[in-house]
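Visitor: I would like to learn how to read the features of a model like this one. Please take them one at a time, starting with the ligand.

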Amino acid sequence: MRLGHISAPGRRRSLAAGAALLCFAGLLAGCSTGASTTADPTSSAATGFTLEKAKEQGYISIAVGNEPPYTKIETDGSVTGAEPDVLRAVAKELGIAEVKGVVSTYDGMIPGLAAGRWDAIAAGLFMKQSRCSQVIYTSPVIVSTESFAVPAGNPKSIKTIADIVTNTDLKIAVLNGGFEEGILKTAGFPNDRKVAVKDNQSGVEALASNRVDAFLLPTLSLKDLQKTNGGFDVTDPIPDAPKTGSGAAFALTSADFAKAYNDKLEEFKKTDEFAAILTKWGFDPEAAQGVTVDELCQTEG
Ligand code: 6CS
């Protein structure tokens, strides 16, 4: 669900009530958000995350992938990266002092939100149809690109999604349950040439050991991995990959908080501080301007 569909207060409450009823009904028979989880009755998922809860606990907990520059857990345990830093600034505007990061796989983030393991997702969880139906996405913070990690010199000239579909000798690594796995599925890429890996280091290692011909991941994430893993090149952004856009995501039962957060975010996106955060982490702050959740939620998968 996206905030653009929440308009008049009466409609918003009816949407929130509807979502809560939907989710509560789902919880009785396995949560309706599509996750087979049962939320702790006292958790945010069961009752919805609220500003009152945030102020009562003194923080907002967020699921992150620990994949710089989108998200990063620092050595002292603090959470940074483009998305958490934006959320921290907006949460401060709401009077919430602290942000706590919980590392999760991308495919575990929405079920974990439904189960109340965290209050929100701020991870670069790219918007697409199946995700947009299970959470409330706020205004896009990041719009970025995808690339291939390839052996030095790109000997098989892998540059586009069409290249890997038509060259039937190629094997491609993607994160299990990640956005890129959906890109392959939408493109009709055969599963017997896909290698699903559990984390980014495994993807880089699969490439280094010649088990795959390329590793598909966001451009800036691959460039960050190059700092600690030499021996591969990062292709230019893939021209025929879908636009990757992300923003914070909240449980369907948290419509009121999501609306309050999004109103502050829309203002924050106009500030120099927003631009400074995006630029610090290597993103183009202009890329998200003018892009809507509705547009990004059209992405198949
Ligand atoms: O949204 C996702 O699933 C993808 N997002 C990022 C920031 N990295 C890889 C992941 O597959």
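Guide: A polar contact is a pair of N or O atoms within 3.5 Å. The model is predicted, and in it an oxygen atom of the ligand lies 2.8 Å from a polar backbone atom of phenylalanine 179.

Visitor: How much of the 300 Å² that the ligand exposes when taken alone does the protein bury?

Guide: The protein buries 100% of that area. The space the ligand takes is the largest cavity.

Visitor: Which polar atoms are 2.9 Å from a nitrogen atom of the ligand?

Guide: For glutamate 67, an N or O atom in the side chain is 2.9 Å from a ligand nitrogen. For glycine 124, a polar backbone atom is 2.9 Å from a nitrogen atom of the ligand.

Visitor: Now the backbone. What should I look for in phi and in the peptide bonds?

Guide: Most residues other than glycine have a negative phi, and most peptide bonds are trans. The peptide bond from proline 68 to proline 69 is cis, with omega near 0 degrees. Proline 69 is in the loop between β1 (59-64) and β2 (72-73).

Visitor: Where does serine 157 lie, and what is its phi near?

Guide: Serine 157 is in the loop between β8 (146-151) and α7 (161-166). Its phi is near 50 degrees, a positive value in a residue other than glycine. Asparagine 210 also has a positive phi, about 60 degrees, and is not a glycine. Asparagine 210 sits in the loop between α9 (200-208) and β11.

Visitor: Is serine 157 buried, exposed or partly exposed, and what about asparagine 210?

Guide: Buried means under 20% relative accessible area and exposed means over 50%, with partly exposed in between. Serine 157 has 38%, so it is partly exposed. Asparagine 210 has 66% relative accessibility, so it counts as exposed.

Visitor: Is serine 147 buried or exposed?

Guide: Serine 147 is in strand β8. Its relative accessibility is 0%, so serine 147 counts as buried. A polar atom of the serine 147 side chain lies 2.9 Å from the backbone oxygen of threonine 235.

Visitor: How many of the nine residues of helix α5 are buried?

Guide: Seven of the nine are buried, and the helix, residues 106-114, is mostly covered. The buried residues in α5 are Tyr106, Gly108, Met109, Ile110, Gly112, Leu113 and Ala114. Just after α5, glycine 116 takes a positive phi of about 75 degrees.

Visitor: What separates the C-alpha atoms of tyrosine 106 and isoleucine 121?

Guide: The two residues are 15 apart along the chain, and their C-alpha atoms are separated by 9.8 Å. Isoleucine 121 is in strand β5, residues 120-121. With 0% relative accessibility, isoleucine 121 counts as buried.

Methods:
Residues numbered from 1 in each chain as written. Predicted model: local features only at pLDDT ≥ 70, side-chain atom pairs only at ≥ 80, totals over all residues. Heavy atoms only, no water. Polar contact = N/O pair within 3.5 Å; in protein donor to acceptor, adjacent residues only side chain to side chain. Areas by Shrake-Rupley, 256 points an atom, 1.4 Å probe, with all protein chains shown as cover. 1 Å grid on protein atoms, 1.4 Å probe; cavity = no way out; pocket = protein on both sides within 12 Å on 5 of 7 lines; lining within 4 Å. Sits in = over half its atoms within 2 Å of the grid points. Helix = DSSP H or I, 4+ residues; strand = E, 2+ residues; numbered from the N terminus. Buried < 20%, exposed > 50% of the residue type's maximum accessible area, 1.4 Å probe, protein only.
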